[in-house]
Amino acid sequence: MICALMLDLDDAPDFQDNAGQALGRPLAAYPFMAARATGDVRRYYVVTSSPAIKAVALQNGAVIIDPPANAKGAAAAQTLLRHGFHFASDDLKSDKETLDLLVVFFANAPILTGALLQTGLDALQSRPELDSAVTVSPFGRWNPYFAQRENEQGMLEPYVTTAPNSDAEVWYPDHGAQVMRPRCLEGQCSGRPPFPWLGRNILPLKQWGGGPVDYQWQIPAVEYWLKKNGYSDLSGSLELQPQPKPQPKPDRR
């Protein structure tokens, strides 16, 4: 079975509880829309303590998982991911189901299309050598070779001193989606920072304009992208209310 897991890091400075909106929808609604467009994702899980994200989860029939208390700091994403993965695996086992692929989303990263996600799902199902696929966006003007840092004298100096090819196209993982095999979360893949759980054979799913939405000034750019990719504008419409759902299954930690 292919399942999706949304992680809510709740670290956006301008949006308490990651409650940002674009085109009249919560930012967290867009990854669900992309996943549903594929027709392949069968079950959804969300690791969050945010009332706003829980409302989106309920609207999409997702199982809500309480985050662990130690999900803080730089390792928060990996902590939430492993917590959610083990919960989902146990949940599927209780229903005599097997997790074949896991799609990981982030609550404040709305830029994703169903077609691009389908490309990643198809690739992992047809190419067993792949560990994972991840959405990336081009940021050539932010080539790491151009980065500077302040030295002890208060002056700028290069952050890195050598680069094999400073003219090469630069792709950054943009938090849109990560499609991976369960083995990568079971310690069978040796990956590289910042996402060691993706393994080493990683297929890039190329798009543009992606990245987590942390600030109000990013919303106009996100809305531009959403309109260009066919999402309708619901601004001013009545917001859909969550429909009653069964209580989530007990947290298995």
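## Around helix α2

The model we are looking at is a predicted one. At the other end, where α2 starts, serine 50 has a side-chain oxygen that reaches to within 3.3 Å of the backbone nitrogen of alanine 52.

The helix itself spans residues 51-59, and its buried residues include Ile53, Val56 and Ala57. Viewed down the axis of α2, the buried residues fall within an arc of 100°, so they line one face of the helix.

## Serine 137, a buried strand residue

Next, have a look at strand β7, which runs over residues 132-138 and holds serine 137. Is serine 137 buried or exposed? Its relative accessibility is 0%, so serine 137 counts as buried.

Which residues does serine 137 touch, leaving aside its neighbours within four places in sequence? They are Val170, Trp171, Tyr172 and Asp174, together with Gln207, Trp208, Gly209 and Gly210. For Gly210 there is a further detail: the backbone nitrogen of glycine 210 lies 2.9 Å from a polar atom of the serine 137 side chain.

## Backbone details to look for

Two residues other than glycine have a positive phi. Lysine 96 has a phi of about 60°, and you can find lysine 96 in the loop between α3 (76-94) and β6 (101-106). With a relative accessible area of 77%, lysine 96 is exposed. Histidine 175 has a positive phi near 70°, but histidine 175 is found in strand β10.

There is also a cis peptide bond to find. This bond joins proline 193 and proline 194, with omega at about 5°. Proline 194 sits in the loop between β10 (171-180) and β11 (202-206).

## Aspartate 66

Finally, turn to the loop between β5 and α3, where aspartate 66 lies. How does aspartate 66 count in terms of accessibility? At 37% relative accessibility, aspartate 66 counts as partly exposed.

Aspartate 66 and alanine 107 are 41 residues apart along the chain, and 15 Å separates their C-alpha atoms.

Conventions. Residues numbered from 1 in each chain as written. Predicted model: local features only at pLDDT ≥ 70, side-chain atom pairs only at ≥ 80, totals over all residues. Heavy atoms only, no water. Helix = DSSP H or I, 4+ residues; strand = E, 2+ residues; numbered from the N terminus. Buried < 20%, exposed > 50% of the residue type's maximum accessible area, 1.4 Å probe, protein only. Arc of directions from axis to C-beta. Polar contact = N/O pair within 3.5 Å; in protein donor to acceptor, adjacent residues only side chain to side chain. Contact = heavy atoms within 4.5 Å.
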